[in-house]
Amino acid sequence: MGNVAVIQGIYDAFAIGDIPGVFANMHPGTVWNEAENFPYAVTNPHVGPDAILAGVFGPIMGDWDGFSATPEQILDAGDHVVALGSYTGTAKATGTPLNAQFAHVWRLADGRVEAFQQYADTLQAARALGG
């Protein structure tokens with residue numbers, strides 16, 4: 001499986017709520033960084049599946065209704081893959097909708113994710129959550 005297919009598989013798994021599927025092609029020491037000032041960047045870097053789940057995916061599930069991360073383009077750059085897309089959802093605390101652009105940079109080795117860097121509309125996300 002090529003690197004783009006690995007990353008597309010992660011988005012597909014997330015879209016159906018398959019969290020084990022999200023982590024299936026990640027190294028145990030995957031380093032995950034949320035964008036500076038994004039609500040889940042407080043504990044950056046998140047290292048390993050347990051930290052990523054506790055610091056990113058768990059809070060997302062608690063904070064949002066109908067949250068999705070939809071890639072509109074996935075670009076192959078060899079051992080790096082770049083996904084351009086948007087986040088959508090509704091903040092549970094405020095009822096405010098989110099439709100924010102993102103760029104995700106994934107680094108892979110041997111077909112598995114080693115690192116992730118998020119770039120996103122941090123202001124819109126913070127405002128939706130009431131910040």
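**Exercise 1. Pairing of β4 and β5**

Task: In this predicted model, find the bridge partner of T90 in β5, then describe the pairing of β4 and β5.

Solution. Step one: the bridge partner of T90 in β5 is P97. Step two: strand β5 covers residues 97-109, and β4 pairs with β5 in the antiparallel sense. Eleven bridges make up this pairing. Step three: the hairpin of β4 and β5 has five residues between the strands. In this hairpin, G95 takes a positive phi near 75°.

**Exercise 2. Pairing of β3 and β4**

Task: State in which sense β3 and β4 pair, and say which residue of the hairpin takes a positive phi.

Solution. Step one: β3 spans residues 64-77 and β4 spans residues 80-91. The two strands pair in the antiparallel sense, over eleven bridges. Step two: W64 stands opposite A91 in β4. Step three: two residues lie between the strands of this hairpin, and G78 takes a positive phi near 75°.

**Exercise 3. The surroundings of N3**

Task: Identify the backbone oxygen that the side chain of N3 reaches, and list the contacts of N3 beyond four places in sequence.

Solution. Step one: N3 is placed in helix α1, residues 3-15. Step two: its side chain reaches the backbone oxygen of G78 at 2.8 Å. G78 is also the residue with a positive phi in the hairpin of β3 and β4. Step three: leaving aside neighbours within four places in sequence, N3 is in contact with G78, D79, V81, L108 and G111.

**Exercise 4. The nonpolar core**

Task: Name the residues with the most contacts inside the largest nonpolar core, and the element that gives the most to this core.

Solution. Step one: the largest nonpolar core has 34 residues, and I7, M26 and W106 have the most contacts inside it. Step two: α1 gives the most to this core, with six residues. Step three: I7 touches V81, W106, L108 and V113, not counting residues up to four places away in sequence. In general, nonpolar side chains of soluble globular proteins tend to be buried together.

**Exercise 5. F116**

Task: Decide whether F116 is buried or exposed, and list what F116 touches beyond four places in sequence.

Solution. Step one: F116 lies in strand β6, residues 112-120. Step two: the relative accessible area of F116 is 4%; buried means under 20%, so F116 is buried. Step three: not counting residues up to four places away in sequence, F116 touches V31, W32, N33, E34, H104, V105 and W106. Step four: F116 and H46 are 70 residues apart along the chain, and their C-alpha atoms are separated by 9.7 Å.

Key. Residues are numbered from 1 along each chain as its sequence is written. This is a predicted model: local features need pLDDT of at least 70, side-chain atom pairs count only at pLDDT 80 or more; totals for chains, interfaces and linings use all residues. Side-chain values use heavy atoms; hydrogens and water are left out. Helices (H or I, at least four residues) and strands (E, at least two) are DSSP runs, numbered from the N terminus. Buried means under 20% relative accessible area, exposed over 50%, partly exposed in between (1.4 Å probe, protein chains only). Contact means heavy atoms within 4.5 Å. A polar contact is a pair of N or O atoms within 3.5 Å; within protein, one must be able to donate a hydrogen and the other to accept it, and residues adjacent in sequence count only if both atoms are side-chain atoms. Two strands pair if DSSP finds at least two bridges between them. A nonpolar core is a set of buried Ala, Val, Leu, Ile, Met, Phe, Trp, Tyr and Cys residues joined through side-chain atoms within 4.5 Å.
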